[in-house]
Amino acid sequence: MSWVTTDAPTRAELDACVTCGLCLPHCPTFRLTGDETASPRGRLTAMAAVAEGLAPLDATFEEIMGFCLQCRACEAACPSLVPFGRAMEGARAELTAQRPSRVRTVRHWVLGRALAMRRVVAVATFAVAIAQRLRLDRVGAGPLARLRGLRRLPIPPRPTVGRRFPTAASRRGTAALLAGCVMDPWFSDVHTATVGVLTRAGYDVVVPSAQTCCGALAAHDGAAAAAKALAARNVAAFAASDLVVVDAAGCSAHMKEYGAWADEGAAVAARVRDVTELTAELVAAGALPSIPGDGERVAVQDPCHLRHAQRITAAPRALVRAAGYTPVEIDPAAMCCGAAGVYTVLRPDTSRELGVRKAAQVRDAGVEVVVSANPGCEMQLRGLLGASHRVLHPVELYWHALEQEKERS
Amino acid sequence: MSFLDALHAVVGRERVRSQPLELLLFAKDAGVRAGTAAAVVFPETPEETAACVRVAREWGVPVIPRGAGTGLAGGAVPEEPGLVVVMTRMNRIHSVDVAGRTAWVGPGVINLDLSVELGRHGLHYAPDPSSQSACTIGGNVGTNAGGPHCLAEGTTVAHILAVELVTADAEIHILGGEAPDPPGLDLRGVVVGSEGTLGLVTRILVKLTQNPPHVRTLLIAFADVAAAAKTVSDVIAAGIVPAALEMMDREMVRAVENFVHAGFPTEAAAVLLAEVTGFEDGVVAEAGTIARIADAAGANEVRVASEGAERDEWWRGRKSAFGAVAQAAPDYYLHDTVVPRTKLVDVLTDVYEIGGRYGLTMLNVFHAGDGNLHPLVAFDAREPGMLDKVEEAAKEMVRVSVEAGGSLSGEHGVGSEKRDLMPLVFDPVDLDAQARLRDAFDPDGLFNPGKVLPSGSRCADFDYVAAGAVP
Ligand code: SF4
Ligand code: SF4
């Protein structure tokens, strides 16, 4: 029966795989199972089999695709440059079209619509903030326990969207910030740090109010129509911005691929920068200072969508150094922490298995602080490490150092 | 009770694959040809492996061992609908004897993981095939894998002291031992390179090698392939045995550079990677000699890698060559022959000529030091008649290598891909001896049928009795 949508993996994408197998050891699900059906090559072969009509798009296909974390470690390891992430998003879009289910419909409503409604997110945020104050997230292992990885949510919330933060330094330009769907209410300290650092470097920071959720979660889950609608709204909202700064790695990775999701998307995509790469460049160019510190050791966790999807590895380490700390490697193999967006809810066992490994690597490093540039990874780490470790975004670490430096002088 | 039920009883449902789409993913390895898997099983212990063999034998289903599936010669391809026994879950390093420099490992241990793990003891496992980051030690034993650094260190067989083998009667035996030269017949040596046709290897005693105190890696660019080949023979003639001596042609260098961005000279007609190891004085002197020889042969450029990152990038580039080929076309066919170094230039010229005549896109990468050639043909298997054309060209290429005094298969094994070319290098008496050796281990042809030996290898099939052979 083959494919039915225009989002499906293309022949060129699938042909690019020569089945060499060099990606296999980089794949977390292959590492856990040793099973070809849980490997990047196996998944691509399965897609090719469906594409050529050799196999039906059945429950087995759904399971083979669904087990994938979409971490894209395979993509970074592939000498043949197979665009695995794109192909997998296409396969998921086909599953949406060909194997409709009520559960998926509800999930897609949440990822594609609800997250983009500020009022819905605000109500949910308020409920979570109350639960935190009642310490409901501390009891048992039920669904509320998953909230353990969250930061303490402020009441009332401090949204940035629609605001403008003029620089007091000599003016370098204007940076438009992606407020994000949950970043704004749940990770407002990261925005504070981003705005603080950019204004210090001479950027007026604007947060256009016409923007919405970036659509990454919808795209990864095969909610292609919703992802396209969200991308189109953001492309319009950021069309006039010379520089779009994003402080969640999953979102910056996705927005850099807007060319595939919206008309005129490529133009906006080309102006998107992850805050870690931009800040590291500003430090290297002397526009922001390197702050002397006592060189305390800080672990660096590489979010997959920063390291594998965007190939950014030096920047977060440079920020740790610029903040006066010593970056510590915890995982040379750069395996996924298991958070992987909604994966953590859909496949809690695998998510947890990978998360426990990552937390152990942090503990083995003998550090008290770990930086991660993506909210999902941050929650996973904080949830599993507990109160013994502080988990922050690298730009926060740098911002705190900048602030302390200012107080000292 | 069905065959599947019997497997479920042995390893449990979660470790058996039997859905049609799942089976399709085990139908081939990294090569071109596909077979048919009847079921797939993932044993975790030698005992479970033996139990799987017992089930297969009872049901008369052939057994095909599989590691990471990075082989290029079809060794893990089920020629007949068979039980694919995947060894990846037996991936423990059981014990390491640092002083004695040996380790017992599971067949599913990934080659590079072993060396990384041993790094803290200053040791490594020497054979380093290109697929080192992904392939398993078990697969290396099956194919007697080589690699760039086998020039000085020898191929897998020189690094295996013992193997634990599940035989056709589902018994577990240990062949070989800690002593470098155990008494009796060298059955361990027979198993290495047998491509799973004699039994299933479930544990391996490997020899470990000390990390060299100093390493120097040179990247040398040439304006023509002949100058590069001359450098190779002159280096060896000067009495230097580099730890590795590798060559890539322009097409290959370009594909690789596209992926690694390591600064390979993409304008050069050929690039040599030479590595010398040892104590500092010797390393410096040998590297100097190689650079001088290259200069004399007309090299355009000689670069010395900074130790660590740059060297690693160069090797990562070289070792990703096979995968990078896909940038040229969706399928590739890799040849693997060994020719005398002195004939390198002649054979290469012929190989390019054959490729040109068939209108095929050729990329070349090879272990120049030991004359192990890997011409690659990039093509699209869906073009009608293409695969046949590629295989015709392949046969011609093997033939020129053999006629120049070379041999089939340096290191990737024979599998099914080159099986029918075996009579080119072995006469009927040799083939008969090999077939009877195989029969001694596996009289019913349970293990990996259709591999290595062409049908008709046994003398009875030839209708001919070898002189002196007892029929
Ligand atoms: S590394 Fe790339 S070409 Fe090789 S098997 Fe994986 S996806 Fe395919
Ligand atoms: S995206 Fe991650 S989990 Fe999925 S196949 Fe690639 S490496 Fe494996």
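Where in chain A does A:Leu136 lie? A:Leu136 sits in the loop between helix 8 (118–133) and strand 1 (164–165) of chain A; helices (H or I, at least four residues) and strands (E, at least two) are DSSP runs, numbered from the N terminus. Before we walk on, a word about the model: it is predicted, so local features need pLDDT of at least 70 and side-chain atom pairs count only at pLDDT 80 or more, while totals for chains, interfaces and linings use all residues. Residues are numbered from 1 along each chain as its sequence is written, chains are lettered from A and ligands numbered from 1 in the order in which they are written, and side-chain values use heavy atoms, with hydrogens and water left out.

Let us stay with A:Leu136 for a moment. Its relative accessible area of 35% makes A:Leu136 partly exposed, given that buried means under 20% relative accessible area, exposed over 50%, and partly exposed in between (1.4 Å probe, protein chains only). Together with A:Phe126, A:Ile130, A:Leu134 and A:Ile155, A:Leu136 forms a nonpolar patch on the surface, with about 440 Å² of accessible area in total. Patches are made of residues with over 30% relative accessible area and no salt bridge, where like charges are joined within 9 Å and nonpolar side chains (Val, Leu, Ile, Met, Phe, Trp, Tyr) within 5 Å. The areas come from the Shrake-Rupley method with a 1.4 Å probe, and for residues only the protein chains shown count as cover.

Next, look at the ligands. The residues around ligand 1 include A:Cys17, A:Cys20, A:Cys23, A:Arg41 and A:Cys78; a residue is near a molecule or strand if one of its heavy atoms lies within 4 Å of it. This shell divides into eight nonpolar, three polar and one charged residue. Here Ala, Val, Leu, Ile, Met, Phe, Trp, Tyr, Cys and Pro count as nonpolar, Asp, Glu, Lys and Arg as charged, and the others, Gly among them, as polar. Ligand 2 has 13 residues around it, and the closest are A:Cys27, A:Arg43, A:Cys68, A:Cys71 and A:Cys74. At least two residues of its shell come from each of helix 2 (28–33), helix 3 (40–51) and helix 5 (73–77) of chain A. By kind, the shell of ligand 2 holds nine nonpolar, two polar and two charged residues.

Now for the charged pairs. Side chains of opposite charge can pair when their charged atoms come close. Over all chains, the structure holds 41 salt bridges, each a side-chain nitrogen of Lys or Arg within 4 Å of a carboxyl oxygen of Asp or Glu. In one of them, A:Glu13 meets A:Arg86, with the closest N and O atoms 3.0 Å apart. This pair links distant parts of the chain, for A:Glu13 is in helix 1 (residues 11–15) and A:Arg86 in helix 6 (residues 84–98) of chain A, 73 residues apart. A:Glu13 counts as buried at 12% relative accessibility, and A:Arg86 as partly exposed at 24%.

Another salt bridge joins A:Glu257 to A:Arg72, whose closest N and O atoms are 2.7 Å apart. A:Glu257 lies in the loop between helix 13 (249–255) and helix 14 (265–269), and A:Arg72 in the loop between helix 4 (59–66) and helix 5 of chain A, so the pair ties together parts that are 185 residues apart in sequence. A:Arg72 is buried, with a relative accessible area of 6%, whereas A:Glu257 is partly exposed at 25%.

Within helix 20 (residues 375–385) of chain A, A:Arg382 and A:Glu378 are separated by about one helical turn because they are four residues apart. Their side chains meet in a salt bridge (2.8 Å, N to O). A:Glu378 is buried at 2% relative accessible area, and A:Arg382 is buried at 15%.

Finally, turn to chain B. B:Asn144 lies in the loop between helix 5 (137–143) and helix 6 (150–153) of chain B, and B:Asn144 is buried at 19% relative accessible area.

Most residues other than glycine have a negative phi. B:Ala170, not a glycine, has a positive phi of about 65 degrees, and B:His261, also not a glycine, has a positive phi of about 50 degrees. B:Ala170 is placed in the loop between strand 8 (160–166) and strand 9 (172–176) of chain B and is buried, at 4% relative accessible area. B:His261 is in the loop between helix 9 (250–260) and strand 14 (270–278) of chain B, and B:His261 counts as exposed at 60% relative accessibility.
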